Amino acid sequence: MRVLEARNLTSGYGETDILHDVSMKLEEKEIVSIIGPNGAGKSTLLKTIFGILRPRQGVVRLGDEEITGLNPDKIVRKGMSYVPQVNNVFPSLTIQENLEMGAFVRTDDYRDRLQEMYDLFPLLKDRRNQKVGRLSGGQRQMVAMGRALMLDPKVLLLDEPSASLAPLLVEMIFEKIGDINKTGVAIIVVEQNARETLKISDRGYVLATGRTVFEDTGKAILENKEVGKLYLGG
Amino acid sequence: MEIGGIIAYLVSLAIMAGIFAVFALGLNIHWGYTGLFNIGIAGFFCIGAYTSAMITTPRPEDVSPMYAQYVHQIFGLNLPFIVGLLGAALVCGFIAYLIGYPTLRLREDYLAIATIGIAETFRLIFNNEHWLANGPRGLMGLPQPFQGLVEPRHYNYIYLVVVLAIMVVIYISIERVIRSPWGRVLRAIREDEVASAMSGKDIVRFKMQSLIFGSMIMGVGGALYAHYTKAISPDVFTPLYGTFIIWVMLMAGGSGNNKGAILGAFVVWGIWIGTKFLTDLLPYTLKARAPYIRFLIIGILLEIILIYRPQGLMGEEKRISKMMD
Amino acid sequence: MAELIVYGIVLGSIIALGAIGLTLVYGILRFANFAHGDLMTAGAYVALFLVTGIFPWLGIPDTTFGSLSFGWRMTLAFPIAMACVAAASILFDRILYRPLRRKQSGPVIMAISALGASFIIRMIVIILWGADYHFYRPGVLRPAIMLPLEIKIRPDQILILATVLSLVILLYLFLQRTKMGKAMRATADNMELARVSGIDTERVIVWTWGIGGALAAAGGILYGIDVQLHPGMGWHFLLPLFAATILGGIGNMYGALIGALIMGVAQQVSTFYLMPTYKPAVAFVVMILILLVRPQGIFGGGRS
């Protein structure tokens, strides 16, 4: 079942359009990568889907509900979560409190979910009363993802999760993304690091100058030498 | 009221409006063109007025020993009006330089608080240190230019010409300066500090120059005020009367626009006087509160402007120079 | 001198109530609320209205508690006045600041709006009560307790310290233990992320104004109990309030508390050398000195 669909999105900041007529889809339990050179509009796409930016044209559908242009705090209640690239944690709150904030809109008892998060990220459990501002980049990224997952979303949007992380941590993060996916969450990953993300992706879209220039399975894109040379720096 | 009386009343209105227009022009340099959030106008108002007052009056000791017992001034040069004006401008410019040194690096809202603090500090000093300028009693008997030329009751016409002439001179000077390369840099800084590819030190230098320029104009305004009312004391230079109303004038007229500054001054002063007629209609019991009701109206006016027409009556000037953009 | 320090702590604790509210608003809404001092004035005068106007009419007795200068009337007036000013603050936000927020006006425009609000509040106070001084309980001799080191302190002042301490502890518990409190802290950290997480930031803002206004009102009333009321009292606190907030680092509640105590002591000790009317100037000079050396304040986190 199609869990998320974006059709003919044209969107940007102020007067300038960054995205031109971009379409993509996400099936249940899939991991889809969005890759491409800098400035291609990858982050803009995520922000448009999540309602941070309002598209000039186009439609976004979550399940069979249209969510185009809805505000993020409404979209979040419909089961889609978003992890920004930077400033994605609350530094003066503890790990536990960050996760609690993720569950803000939940009216039920979320303690089980909290425990699931600690099972997913065992490193965080020991430090759960530490202020997040003091954590390392890798740990912060885990907190950021944990916060987004507290809502038990159907769809998770990740904006460059491996940015500014050391190579060892990059591997770990993508492992975690795989683990998250195994729990049934469909994920869209926007990434600079095309190789790593394509390795775990079911499908991928290549974006360049605001348009989709290529679409295929993750494996196929990885093995496609031309695409690699043109858009992914070999 | 007979025609002569009405005209005389309008003349005095125009004088005050013109003086405030000078202040508004100075604030426009600070805020409209440079983005400096100066809430301490009253400080420059105060310094300008007192400086000119003390330049143009003699030392109390030189008048008579008895006079010196009642009036204390730190200096008295007994020089002509024009020297008073220039002195006010120079001293204000100098003080602006001293103030700018520690504060211009601060972000906007900190700068604002600093300017409040400076204005309040000056007022406190003038109020408490009697040896400086006679403390709370203030200075009186300030001379006026061209004093002997006509009968006292017609003098205001002359002063009106003086004020308007100075206002026009200042207006033309500012317009000239803004169109110069210096002015264009200022504009660029205000639009986007980061994008204007200058070093931080240079930006501070430009802001300093702007601060000094605007403050000198405010000093002239203070001097004009002093020689109009012929008497000044610290309680004239309050945040309400000496700062806030000028902000309302600039916001009403259009910040970033010199014509707007002048227009705003005249319009808001007109409204201020207009509220007097309103409160004159009040029942007797509320009459004592009249000035505060009038200030309340001005305050509400500002809020309405900010929400419904923040660009003021004239809006910002569209194009400063054909050579820009 | 020791007595000056003790009184400085009392004064500092009163400043702290205003500074904590101010730093909360500053941290979450990111603008300098120049009307915060006048919220203190508003609180003091609402309490005055209750204590000298409404309550006598309602027949509430005027007896005082022991050696304190107030009794049941003030005890009831205190929370009611806090609630009134909290409501007024929320109302001001709705009418004045929210429209500007919607238009994405810069922090300076909002600060100018706050400046206008401060004058509006002050003018209303003068219109209703006149420009003179007022007292909650005129003409009373204030007995003092003798402490070691020859320090005199009034029972009122001990209660002021106790009240401030209680309010601060209550606020701490609220911010640390309740969902809304944590949401406020989260929003202060990162408003965008808070929205993205589904936090209703408009509701957070309402709570912020409510708490800020209530604390300011409390500070104003305590000052009125200790010294006197006059319409300019809030404006006089503005410089020390901002100095304390900046000193403590914007958005930092504990920093504001410490900053306020420092300001209070500095101001009082300065009266040893200068005239008392210079106190706001002292606050200002201390603030400038700190800003020159360490612009993010003593405890500032380096957040812009």
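Two residues are taken to be in contact if their C-beta atoms, placed from the backbone, lie within 7 Å. On this basis, in the predicted model considered here, the contact between chain C and chain A takes 13 residues from chain C and 19 residues from chain A. On the side of chain C that touches chain A, helix H6 (179–189) and helix H7 (191–196) of chain C each supply at least two residues, and H6(C) gives the most, with five residues.

Within chain A, six strands form an open sheet of mixed pairing, in the order S6-S7-S8-S3-S9-S10. The edges are held by strand S6 (80–83) and strand S10 (211–217) of chain A, each of which has a single partner strand, so that one side of each is left without a neighbour in the sheet. Neighbouring strands of this sheet are turned against each other by 15° on average, direction ignored.

Helix H1 (residues 42–50) of chain A lies across strand S3 (31–35), S6, strand S7 (155–159), strand S8 (186–191) and S9 of chain A, and runs at about 145° to S7(A). Helix H6 (residues 137–149) of chain A, in turn, lies across S6 and S7 of chain A, with a direction at about 165° to S6(A).

How values were computed:
Residues numbered from 1 in each chain as written. Chains lettered and ligands numbered in written order. Predicted model: local features only at pLDDT ≥ 70, side-chain atom pairs only at ≥ 80, totals over all residues. Helix = DSSP H or I, 4+ residues; strand = E, 2+ residues; numbered from the N terminus. Pairing = 2+ DSSP bridges. Axes fitted to C-alpha atoms, helices over the stretch in contact; angles between N-to-C directions.
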